[in-house]
Amino acid sequence: MEYIHQNQPRSGTDKVLGGGHHQEVETYNRNWVVGLSHALTPDWNLSVQIPVVSRDHLHIHNHHGVPIPESWDFTRLGDIRMLTHIRLDTSVPSQGTFGLLGGIKLPTGSIDVRNNDGDVAERSLQPGSGSTDLIAGGFVSGRFAQTDWHAQLRWQHAVLERQNYRPGDQLGLDAGIRYPLGPVQALAQINLLWRGHDRGADAEPADSGGRFVFFSPGLALPIGRNMQAFGLIQLPLYQNVRGVQLTTDWAATAGLTMRF
């Protein structure tokens, strides 16, 4: 489960006060993701990620000087991702691994959610983008002394769009370590993300896209032999957005992993 509360308008790297014709106030995101993974061979793994997006959003529409609040509150299926990981090394896993990843994001999420007044939410708020995206990248992992480390690079690009909206490309780099502290494992990650601006008649290119750096410390706790609970707090180190966008001062992720 991922929790993100965006309540701070930002322009570039600076926090700003809301204003103008369209004033963003806040967005609550509570996203649930079910992931299933199956190893076809020791070197080839297939996975599917099924998200459920729960989102509350409020903004102010200033119409001829009269502030009119507009809000949306929904829980819907998001865009499903199907990925494959292929190991390219010939060593045993304990000596480190590296390989390629690729996949596709399907347009399974709705793009026409309305509020109680019948107003359609802007496309960037919808549970789905409406686009079919290709995903490509690579991964590497290893071990140094008692510390396990990993890194993953992922690029996402829309190849098919719907209703005059194409989300911007995304390029992300995640690097992290895992260190044992008795029965608990300490986690730490650095997350870098670049987002291109959205395009199309239904997009807001002037207020989309940006560059972000996050530090994510956390803990993992084994539960029995085949289950593990984990939690991470994501803290922004750098946020530079295009135009005016809502940002967050922190986010949190928690979940369970099970082996069958």
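Gln163 is exposed, at 52% relative accessibility (buried means under 20% relative accessible area, exposed over 50%, partly exposed in between, with a 1.4 Å probe and protein chains only). Gln163 sits in the loop between β10 (147-160) and β11 (170-181). Helices (H or I, at least four residues) and strands (E, at least two) are DSSP runs, numbered from the N terminus. The model is predicted: local features need pLDDT of at least 70, side-chain atom pairs count only at pLDDT 80 or more, and totals for chains, interfaces and linings use all residues. Residues are numbered from 1 along each chain as its sequence is written, and side-chain values use heavy atoms, with hydrogens and water left out.

- Gln163 has a positive phi of about 55 degrees, although Gln163 is not a glycine.
- Asn164 also has a positive phi, near 60 degrees, and is a residue other than glycine.
- Asn164 lies in the loop between β10 and β11.
- Asn164 counts as partly exposed, at 48% relative accessibility.

**Second largest pocket**

- The second largest pocket holds about 150 Å³ of space.
- A pocket is an open set of points on a 1 Å grid over the protein atoms alone, where a 1.4 Å probe fits, with protein on both sides within 12 Å along at least five of seven lines.
- Grid points are joined across faces, edges and corners, and the volume is the space filled by probe spheres set on the points.
- Gln163 is one of the lining residues, together with His22, His59, Trp72, Ile111, Asp112, Val120, Ala121, Glu122, Arg123, Gln126 and Asp202; a lining residue has an atom within 4 Å of a point.
- By class, the lining splits into four nonpolar, four polar and four charged residues.
- For these classes, Ala, Val, Leu, Ile, Met, Phe, Trp, Tyr, Cys and Pro count as nonpolar, Asp, Glu, Lys and Arg as charged, and the others, Gly among them, as polar.

**Largest nonpolar core**

- Six residues make up the largest nonpolar core: Val53, Trp72, Phe74, Val113, Ala121 and Leu125.
- Such a core is a set of buried Ala, Val, Leu, Ile, Met, Phe, Trp, Tyr and Cys residues joined through side-chain atoms within 4.5 Å.
- Trp72 and Ala121 belong to this core, and Trp72 and Ala121 also line the second largest pocket.
- Not counting residues up to four places away in sequence, Leu125 touches Thr27, Arg55, His57 and Phe74 (contact means heavy atoms within 4.5 Å).

**Aromatic pairs**

- The count comes to two aromatic pairs.
- Rings of Phe, Tyr and Trp (its six-membered ring) pair if their centres lie within 6.5 Å; planes under 30 degrees apart count as stacked, over 60 as edge-to-face and the rest as tilted.
- Tyr3 and Trp250 form a tilted pair, 5.7 Å centre to centre with 40 degrees between the planes.
- Tyr3 lies in strand β1 (residues 2-6) and Trp250 in the loop between β14 (227-247) and β15 (251-258), so the pair ties together parts that are 247 residues apart in sequence.
- Tyr3 is partly exposed at 23% relative accessibility, and Trp250 is partly exposed at 41%.
- Phe212 and Phe214 are stacked, because their ring centres are 6.2 Å apart and their planes are at 5 degrees.
- Phe212 is buried at 9% relative accessible area, and Phe214 is buried at 11%.

**Contacts and separations**

- Arg30 lies in strand β4 (residues 22-41) and is partly exposed, with a relative accessible area of 23%.
- Leaving aside neighbours within four places in sequence, Arg30 is in contact with Met1, Glu2, Tyr3, Val52, Val53, Ser54 and Asp56.
- Leu187, in strand β12 (residues 184-195), is buried at 13% relative accessibility.
- Leu187 and Pro217 are 30 residues apart in sequence and 5.6 Å apart in space, C-alpha to C-alpha.
- Trp44 is in strand β5 (residues 44-63) and is partly exposed at 39% relative accessibility.
- Gly78 lies in the loop between β6 (66-77) and β7 (81-87) and is buried, at 0% relative accessibility.
- Leaving aside neighbours within four places in sequence, Gly78 is in contact with Pro51, Val52, Val53, Thr108, Gly109 and Pro127.
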